[in-house]
Amino acid sequence: MGTTSKRRAAPVASALLGSGAAAGRKILDALLPPRCVACGLEIDAGHGLCADCWGSLTFIDAPLCDCCGLPFEFEVPAESQCGPCLAYPPAFDLARAALVYDENSRPLILGFKHGDRTDRTVVLSRLMARLLADLGEPPDIVVPVPLHRWRLWRRRYNQAALLAQALERHGPRYHPETLVRKRPTPSQAGRNARERRRNVRGAFAVNPKAMSLIDGASVLVIDDVMTTGATVRECARTLKRHGAARVTVAAIARAVLPTRVD
């Protein structure tokens with residue numbers, strides 16, 4: 001077969017493969033109908049939420065803190081910051097979360113975090129991908145908040161790493177081992193802001209193999225839920241101390257009112 005014939009055959013082969021994959025998906029959907037990853041209701045597309053579960057979520061939108069993204073209950077001037085950011089400026093440059101952490105988002109997130117519901121990665125990463133435009137300049141790399149090795153061994157996966165890896169398709173390169181957790185920190189649940197800061201102080205380090213990677217780079221840190229932001233503040237401080245030029249943060253959700261985060 002000549003070169004021209006091969007070039008003509010390539011689109012035909014791609015079309016056949018594409019139609020075959022589409023047919024395979026239809027058969028699979030007929031045998032195993034897609035279901036809402038939150039409530040299990042049958043839906044039209046996989047890895048998604050039904051209308052009711054989607055409608056129950058509270059998305060964070062303006063007005064909000066220009067630094068940490070905490071939503072305000074009233075209109076404020078542009079570039080306004082919340083009290084905690086003014087009193088205790090964070091090391092990160094900007095942080096945003098997709099959802100309010102409340103009674104509706106909590107089961108969705110905790111099932112993903114503790115319940116082996118890694119099938120929720122797709123829909124949760126899509127929610128977070130919407131934040132990338134709000135974080136300003138595109139980051140060079142994306143890194144997860146790390147788990148200590150013993151907690152990772154017990155849980156078997158790092159939920160922040162799954163989200164960071166999924167976000168790689170939207171641009172930033174995924175580097176999961178950039179940050180390491182040097183010591184096992186007790187749970188942050190039930191602690192006030194000062195106790196949370198003290199609990200994670202000095203808990204993180206930059207992997208020596210990643211030193212050149214972060215020097216002068218714009219780094220996006222991924223977390224699941226922000227409460228006071230103590231954990232991502234410490235991650236950002238560690239990255240900045242080792243040469244990161246800019247650190248932004250993206251989370252699935254953040255606590256707005258005092259609430260329990262497990």
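Which loop holds glutamate 79? I found glutamate 79 in the loop between α2 and α3. I take helices (H or I, at least four residues) and strands (E, at least two) as DSSP runs, numbered from the N terminus.

**Ground rules.** I am working on a predicted model, where local features need pLDDT of at least 70, side-chain atom pairs count only at pLDDT 80 or more, and totals for chains, interfaces and linings use all residues. Residues are numbered from 1 along each chain as its sequence is written, and side-chain values use heavy atoms, with hydrogens and water left out.

**Overall.** I listed 10 helices and 7 strands in the protein. Next I looked up burial. Buried means under 20% relative accessible area, exposed over 50%, and partly exposed in between (1.4 Å probe, protein chains only). Of the 262 residues, 45% are buried. For contacts I use heavy atoms within 4.5 Å. Taking contacts between residues at least 6 apart in sequence, I note that 72% join residues at least 24 apart.

**Loop between α2 and α3.** Back to glutamate 79. Its phi is near 65°, a positive value in a residue other than glycine. Glutamate 79 counts as exposed, because its relative accessibility is 67%. Proline 63 lies in this loop between α2 and α3 too. I checked omega there: the peptide bond from alanine 62 to proline 63 is cis, with omega near 5°.

**Other loops.** Aspartate 116 also has a positive phi, near 65°, and is not a glycine. I place aspartate 116 in the loop between α4 (105–114) and α5 (121–129). With a relative accessible area of 40%, aspartate 116 is partly exposed. Aspartate 44 sits in the loop between α1 (3–31) and α2 (51–56). I record aspartate 44 as exposed, at 81% relative accessible area.

**Aromatic pairs.** My rule: rings of Phe, Tyr and Trp (its six-membered ring) pair if their centres lie within 6.5 Å; planes under 30 degrees apart count as stacked, over 60 as edge-to-face and the rest as tilted. How many aromatic pairs does this rule give? I count 2 aromatic pairs. Tryptophan 54 and phenylalanine 59 make a tilted pair, 5.2 Å centre to centre with 45° between the planes. The rings of phenylalanine 72 and phenylalanine 74 form a stacked pair, because their centres are 6.1 Å apart and their planes are at 20°. I then looked up accessibility for these rings. Tryptophan 54 is partly exposed at 40%, and phenylalanine 59 is partly exposed at 27%. Phenylalanine 72 is buried at 19%, whereas phenylalanine 74 is exposed at 53%.

**Helix α8.** Which residues of α8 (residues 193–200) are buried? I get Arg196, Asn199 and Val200. Seen down the axis of α8, these buried residues fall within an arc of 80°, so they line one face of the helix. I take the arc from the directions from the helix axis to the C-beta atoms. The face turned away from the buried side carries the exposed residues Arg194 and Arg198. The buried residues of α8 pack against β5 (204–206) and α10 (230–241). Just after α8, I found glycine 202 with a positive phi of about 75°.

**Proline 144.** I place proline 144 in strand β2 (residues 141–144). Its relative accessible area is 1%, so proline 144 is buried. Leaving out residues up to four places away in sequence, proline 144 touches Asn158, Ala160, Ala161, Ala164, Tyr174, His175, Pro176, Leu179 and Ile222. The C-alpha atoms of proline 144 and alanine 250 are separated by 9.8 Å, at 106 residues apart along the chain.

**Second largest pocket.** A pocket here is an open set of points on a 1 Å grid over the protein atoms alone, where a 1.4 Å probe fits, with protein on both sides within 12 Å along at least five of seven lines; lining residues have an atom within 4 Å of a point. The volume is the space filled by probe spheres set on the points. I get about 370 Å³ for the second largest pocket. Its lining has 20 residues, with Asp61, Ala62, Leu64, Arg96 and Asp134 nearest the centre. Strand β1 (residues 94–100) gives the largest share of that lining, 3 residues.
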